[in-house]
Amino acid sequence: MSWWKRAFQRPRAPKTSDAAIREAFYAVLDRDFERAQTLLGHAARLDPDEIDAYLMLGRLYRERGGGGRAIRSHQNL
């Protein structure tokens, strides 16, 4: 694949929950909270036993003013 296609291709969803969490961390560092939220939700769907995804998602909700969603996310644990 040429560098042009790689540079402008839409990003693919990560295949593992660890990869999704790692990408969500980078998104938070870039202050792209929408993408981080999407990636953490994806990580939780990929591996429902992944506690870190739920904890991070709850903290992100709470930080963005979604207290109710944060509580529901933590209750999923």
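Gln-37 is buried, with a relative accessible area of 17%; buried means under 20% relative accessible area, exposed over 50% and partly exposed in between (1.4 Å probe, protein chains only). The model is predicted: local features need pLDDT of at least 70, side-chain atom pairs count only at pLDDT 80 or more, and totals for chains, interfaces and linings use all residues. Residues are numbered from 1 along each chain as its sequence is written, and side-chain values use heavy atoms, with hydrogens and water left out.

Gln-37 lies in helix α3. Its contacts (heavy atoms within 4.5 Å), leaving aside neighbours within four places in sequence, are Leu-57, Leu-60, Tyr-61, Arg-64 and Arg-69. Under the same exclusion of neighbours within four places, Ala-36 touches Ala-24, Ala-27, Val-28 and Leu-60.

Ala-36 also belongs to the largest nonpolar core, which has 15 residues. Such a core is a set of buried Ala, Val, Leu, Ile, Met, Phe, Trp, Tyr and Cys residues joined through side-chain atoms within 4.5 Å. Ile-21, Ala-24, Ala-36, Leu-40, Ala-43 and Ala-53 touch the most other members. Two or more residues each come from α2 (17–29), α3 (33–46) and α4 (51–63).

The protein has five helices and zero strands. Helices (H or I, at least four residues) and strands (E, at least two) are DSSP runs, numbered from the N terminus. The pattern along the sequence is α-α-α-α-α. Of the 77 residues, 32% are buried. Among contacts between residues at least 6 apart in sequence, 36% join residues at least 24 apart.
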